[in-house]
Amino acid sequence: MLDNFNYNDNEYLSGRSRRNMTGDCESCFGLCCVALPFTASADFAVDKKAGQPCQNLQTDFRCGVHTNLRQLGFRGCTVYDCFGAGQKVSQATYGGRDWRQAPKTARQMFEVFYVMKQLHELIWYLTEALSLREARPVHDELSSALDETERLTDLSPDSLMDLDAAAHRAEVNKLLLRTSELVREEALRKLKSRPGNRKSYGRGADLIGAKLRGADLRAANLRGAYLIAADLRGADLRAADLIGADFRDADLRGADLTGSLFLTQAQLNAAKGDARTKLPPVLTRPAHWSA
């Protein structure tokens, strides 16, 4: 056990940055329902091209089958999370003027939404990083990166179109990686364990369908890991770096995710879990999980 290991300082987690990091469909022009493409699969019942409104999108920008998405084959819609980018673009960047009112701006609005989503996701991660006491050696750099990312979200549509979001993301990722190393090194110290004494996975590990029931994955590097349909029942994922990990259909029943690093609501929504699954306080137990 990692007794007395202090992962998160809720002073940051409840602060201004994360208040707007949750999608508010009531304040959005259905951007994810139009801008994003999808292909008929286990996640979507039909094909849809980018820029084409979903067949379920109503004139008021609400989903006509919202309460039955999973039953009708649109599971992918219940997993997606824009980190609040939709309402930001709709109400701030474009001042409440929707793409139907100004069809000439529609294509630009959809592309700006994609950029804004990346920026908001980075704000989510940076805010979490600043909440971690073990990352104090890089708090100044993290704070500066957060300020700059928030500034970028207030740019004009034309400036957002010109923004090299990939380059900015790469710079921020260096800080997030350093944060991860600091936190996991401290966790391993408290465990009196060395990286060489524990199984190493590394970024992008292929763990599709892996049998990891009850596994001790504390402080593991699972950045970008493919955990599709993995059996993680009862696994201990405290202090594990989960940024970008693919949890589609992963079984998290009874798993401990408290204190895990850079976990998002979308990752949880894509997985399976139950009432015994332990979650970070800023995330919500998905409605489709078993009791």
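Predicted model: local features only at pLDDT ≥ 70, side-chain atom pairs only at ≥ 80, totals over all residues.

Visitor: What makes α6 roughly antiparallel to α7?

Guide: Helices here are DSSP runs of H or I with at least four residues, numbered from the N terminus. The axes of α6 (residues 106–130) and α7 (residues 139–153) cross at roughly 155 degrees and come within 9 Å. Axes are lines fitted to C-alpha atoms, for helices over the stretch in contact, and angles run from 0 to 180 degrees between N-to-C directions. Angles over 145 degrees count as roughly antiparallel, under 35 as roughly parallel, 65 to 115 as roughly perpendicular, and the rest as oblique. So α6 is roughly antiparallel to α7.

Visitor: Which way is the crossing of α6 and α7, left-handed or right-handed?

Guide: The crossing of α6 and α7 is left-handed. That word applies if the near helix is turned anticlockwise from the far one by less than a right angle; clockwise would be right-handed.

Visitor: Which residues in α6 and α7 meet?

Guide: Contact means heavy atoms within 4.5 Å. Among those that meet are M116, L119 and I123 in α6, and H139, L142 and L146 in α7. By class, this contact of α6 with α7 has eleven nonpolar, six polar and one charged residues. Ala, Val, Leu, Ile, Met, Phe, Trp, Tyr, Cys and Pro count as nonpolar, Asp, Glu, Lys and Arg as charged, and the others, Gly among them, as polar.

Visitor: Why is α6 called roughly parallel to α9?

Guide: α6 and α9 pack at an angle of about 15 degrees, with their axes 11 Å apart. That angle makes α6 roughly parallel to α9. Residues making the contact include V115, Q118 and Y125 of α6 and A165, R169 and V172 of α9. They divide into nine nonpolar, three polar and two charged.

Visitor: How do you know whether C63 and C33 form a bond?

Guide: A disulfide is a pair of cysteine sulfur atoms within 2.5 Å. The closest cysteine sulfur to that of C63 is in C33, at 6.3 Å, which is too far for a bond. C82 is in no disulfide either, as the nearest cysteine sulfur, that of C28, is 6.2 Å away. A search of the whole structure finds zero disulfides. C63 counts as partly exposed because its relative accessibility is 27%, whereas C82, at 12%, counts as buried.

Visitor: What is the phi of A229?

Guide: A229 has a positive phi of about 60 degrees although it is not a glycine. Most residues other than glycine have a negative phi. A229 sits in the loop between α9 (165–191) and α10 (265–270), and its 42% relative accessibility makes it partly exposed. D249 lies in the loop between α9 and α10, with a positive phi near 60 degrees.

Note on methods: Residues numbered from 1 in each chain as written. Heavy atoms only, no water. Helix = DSSP H or I, 4+ residues; strand = E, 2+ residues; numbered from the N terminus. Buried < 20%, exposed > 50% of the residue type's maximum accessible area, 1.4 Å probe, protein only.
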